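Here's a quick briefing to read alongside the model. Keep the sequence and the 3D view open as you go.

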Amino acid sequence: MSQGSAAAQAFLDREAAAAVVTCYASALDARDWSAYRALFTDEIAIDYGSIGSLVATIPADEWTNRCRALEGFDATAHQLHNVVATIDGDRATVTSIVDAVHVVGVEDRALLGDLIGRYTHRLVRQDGWKIAGVTLSVVAYPAGKEAFEAAFAAARTIFAEGNTA
C-alpha cells in the first residue's frame, strides 16, 4: 500500500470509529434501541461507576435493555465534543467530552439532570467498528449531583410504571 493510500485508509478508519460513537449518543436520544444494540460486540465492558452505576462486562442486549430506562425522561441530549479516534490495527479508542442533559417533568415542574463527562469508547473491527467497551468519567454536574440523582430517580419510576401497566 502506498504512503498516500495508507494515510487515506487511516483517516477513513478514524472517521468511521468516531461515527460509531456519534451514533451511540444519537441512538440514545432517539430511543432507537435496535440501532443502539447494533453498535456493540455481543459482550460489552461497561464502566459507569462514576455515576454510581454499572461496572461489569455484560451481554450487549442486557446493556441496551438497561438504557431503555431513558424512556422515563421527556427528553435527553447527549452532545459530544472534542472527539478523537486513535487506531491500532483492528482496535480503536475514541475519546470525547459529553454534555448530557436529561429532562423529566414531575407534577408541575421539570427536573434537570445534567453532567459533563469524558467518554472512552473501545472498539474492535468486526464487519466495521463495534463498541466492545465504554467508560464514563464525570467531570461536573452543572445543576448539582443531587439534581442529577433526583431526575434519574423520577425517570426510573416513570419508566417502571410505564412497563408494568
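This is a predicted model: local features need pLDDT of at least 70, side-chain atom pairs count only at pLDDT 80 or more; totals for chains, interfaces and linings use all residues.

Helices (H or I, at least four residues) and strands (E, at least two) are DSSP runs, numbered from the N terminus.

Residues are numbered from 1 along each chain as its sequence is written, and side-chain values use heavy atoms, with hydrogens and water left out.

**The whole protein**

- Along the principal axes, the C-alpha atoms fill a box of roughly 65 × 30 × 25 Å.
- Of the 165 residues, 38% count as buried; buried means under 20% relative accessible area, exposed means over 50%, and partly exposed is in between (1.4 Å probe, protein chains only).
- Take the contacts with a separation of 6 or more: 56% of them come from residues 24 or more positions apart. A contact here means heavy atoms within 4.5 Å.

**Helix H1**

- H1 covers residues 3-30, and at 1.5 Å a residue its 28 residues should span 40 Å; the end C-alpha atoms are 40 Å apart, which agrees. The expected span is 1.5 Å times one less than the number of residues.
- The buried residues of H1 are Asp 13, Ala 17, Ala 18, Val 20, Val 21, Tyr 24, Ala 25, Ala 27 and Leu 28.
- An α-helix has 3.6 residues a turn, so residues three or four places apart point the same way.
- Just after H1, Arg 31 takes a positive phi of about 60 degrees.

- Ile 131 sits in strand S6 (residues 129-140) and is buried, with a relative accessible area of 0%.
- Setting aside residues up to four places away in sequence, Ile 131 touches Val 20, Tyr 24, Leu 39, Phe 40, Thr 41, Ile 44, His 121, Arg 122 and Leu 123. Among these, Val 20 and Tyr 24 are also buried residues of H1.
- Ile 46 belongs to strand S1 (residues 40-47), and it's buried too, at 2% relative accessible area.
- Beyond four places in sequence, Ile 46 touches Leu 54, Val 55, Ala 56, Trp 63 and Val 134.
- The C-alpha atoms of Ile 46 and Val 134 are separated by 5.3 Å, though the two are 88 residues apart along the chain.
- Ile 131 and Ile 46 are 85 residues apart along the chain, with their C-alpha atoms separated by 10 Å.

**Val 83**

- Val 83 is in strand S3 (residues 75-88) and counts as partly exposed, at 35% relative accessible area.
- Leaving out neighbours within four places, Val 83 is in contact with Ala 18, Val 94, Thr 95 and Ser 96.
- Val 83 and Thr 95 are 12 residues apart in sequence and 5.7 Å apart in space, C-alpha to C-alpha.

**Loops with positive phi**

- Glu 107 lies in the loop between strand S4 (91-106) and strand S5 (109-125). Its phi is near 55 degrees, a positive value in a residue other than glycine, and Glu 107 is exposed at 81% relative accessibility.
- Asp 127 lies in the loop between S5 and S6. Asp 127 isn't a glycine, yet has a positive phi of about 50 degrees; it's exposed, with a relative accessible area of 84%.
- Gly 128 lies in the loop between S5 and S6 and is partly exposed at 37% relative accessibility.
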